[in-house]
Amino acid sequence: MKTLDDFNSILPREVKEIISLIKTKRNLLPLSLFFLLSSNLIFAPLIYAATGEEITRKTAWAIGVLILVTIAIAFYLLAVILQPERF
């Protein structure tokens, strides 16, 4: 474990805090919202490029968020169907 301790001593304090936030389960909502908005950085330009000048950038971002929320709900419902005893 010496290499892990050396690695931890090199990391800045902020990175250690972020890693500890990821490891805890009670902070899933802010973390999932962050990943949702970050992944929208990929979807929104694709939607805007596919439609051309027909829609505004704000609308492209809204469509991207709706797509991501729909995918998240589909995964949640799939988990509920496959593992009903957990819920």
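Mentor: This is a predicted model. The protein averages a pLDDT of 77, and 74% of the residues score at least 70.

Trainee: Where is confidence lowest, and where is it highest?

Mentor: Helix α1 (residues 2-10) is lowest, at a mean of 59. Helix α4 is highest, at 87. Where pLDDT is low, the predicted coordinates should not be read in detail.

Trainee: How close do the axes of α3 and α4 come?

Mentor: They come within 8 Å. The crossing is right-handed. On the α3 side, the contact residues include Leu36, Phe43 and Tyr48. On the α4 side, they include Arg57, Trp61 and Leu68.

Trainee: What kinds of residues make the contact of α3 with α4?

Mentor: They divide into 14 nonpolar, three polar and one charged. Arg counts as charged, and Arg57 of α4 is in the contact.

Trainee: Which residues does the "transmembrane region" annotation cover?

Mentor: The unreviewed UniProt entry gives residues 28-48 and 60-82. Residues 28-48 are 100% helix, with end C-alpha atoms 30 Å apart. Residues 60-82 are also 100% helix, with ends 33 Å apart.

Note on methods:
Residues numbered from 1 in each chain as written. Predicted model: local features only at pLDDT ≥ 70, side-chain atom pairs only at ≥ 80, totals over all residues. Heavy atoms only, no water. Axes fitted to C-alpha atoms, helices over the stretch in contact; angles between N-to-C directions. Helix = DSSP H or I, 4+ residues; strand = E, 2+ residues; numbered from the N terminus. Left-handed = near helix turned anticlockwise from the far one by under 90°. Contact = heavy atoms within 4.5 Å. UniProt positions renumbered as here; feature names shortened; annotations may be inferred. pLDDT = per-residue confidence, 0-100.
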